[in-house]
Amino acid sequence: VSTQSTGSSGINAEYGGAPFAHVDRNSGRTSFIHGGSNAMFVAESYIIAIVNGVIALGFIMMADAPKDQTTLNSKYMSYGGLALVVVFFSILLAIFRMKHRAYPYSLLF
C-alpha cells in the first residue's frame, strides 16, 4: 500500500490513491487528462467512460432506426446516431493523441 501524497499539485481521490486531477501551481489551471501515457487521472477515466457510453448510444440509435421505417424519425435517428459516433470517436482519438503525441491519425479534431 502506497502512502505517498501528490502534495499541492494534485487533488487526491483518496489518500495514497490516484489523483483526481492536476492543478498547475503557476497558472492555477486544472488538468483532467494526464499528459503521459503511463498514468491516468480519476477524472480522465470518467471522461473516457462517458465518451465510450455516448459512442455506444450512437451505435444503438443506428441499429434501432430501421425498425420504424414508416416515419421520418428513423431517418433522423440514424443520422443522429452517426453524428454521435463520429463526433465522440473524434474526441476519443483527440484524447489518445494527447497521451501519445506521435499518434498520426485523427478524424475531426
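Trainee: What covers the buried residues of α2?

Mentor: Cover is read from contacts, that is, heavy atoms within 4.5 Å. Buried means under 20% relative accessible area, exposed over 50%, and partly exposed in between, with a 1.4 Å probe and protein chains only. Here, the cover of the buried residues of α2 includes α1. The structure is a predicted model, in which local features need pLDDT of at least 70, side-chain atom pairs count only at pLDDT 80 or more, and totals for chains, interfaces and linings use all residues. Residues are numbered from 1 along each chain as its sequence is written, and side-chain values use heavy atoms, with hydrogens and water left out.

Trainee: Which residues of α2 are buried?

Mentor: In α2 the buried residues are S74, G81, V85, S90, L93, I95 and K99. In α1 they are V42, A43, E44, I48, V51, V54, I55 and G58. The packing partners of the buried residues of α1 are β2 (19–23) and α2. L92, which is found in helix α2, shows the pairing in detail: apart from neighbours within four places in sequence, L92 is in contact with I48, V51, N52 and I55.

Trainee: How many helices and strands make up the secondary structure of the protein?

Mentor: Elements are DSSP runs numbered from the N terminus: helices are H or I of at least four residues, strands E of at least two. The protein has 2 helices and 3 strands, in the order β-β-β-α-α from the N terminus. Among contacts between residues at least 6 apart in sequence, 27% join residues at least 24 apart.

Trainee: How many salt bridges does the structure hold?

Mentor: A salt bridge is a side-chain nitrogen of Lys or Arg within 4 Å of a carboxyl oxygen of Asp or Glu. The structure holds 1 salt bridge. K99 forms a salt bridge with E44, and their closest N and O atoms are 3.2 Å apart. K99 lies in helix α2 and E44 in helix α1, so the pair ties together parts 55 residues apart in sequence. K99 counts as buried because its relative accessibility is 15%, and E44 counts as buried because its value is 1%.

Trainee: Which residues make the nonpolar surface patch?

Mentor: Patches are made of residues with over 30% relative accessible area and no salt bridge; like charges are joined within 9 Å, and nonpolar side chains (Val, Leu, Ile, Met, Phe, Trp, Tyr) within 5 Å. Accessible areas come from the Shrake-Rupley method with a 1.4 Å probe, and for residues only the protein chains shown count as cover. V87, F89, L107, L108 and F109 make a nonpolar patch of about 470 Å². F89 is placed in helix α2 (residues 73–99) and counts as partly exposed because its relative accessibility is 37%. Y76 also lies in helix α2, and it is exposed because its relative accessible area is 55%. For the protein, the accessible surface comes to about 7500 Å², of which 62% belongs to carbon and sulfur atoms. Buried residues make up 20% of the 109 residues.
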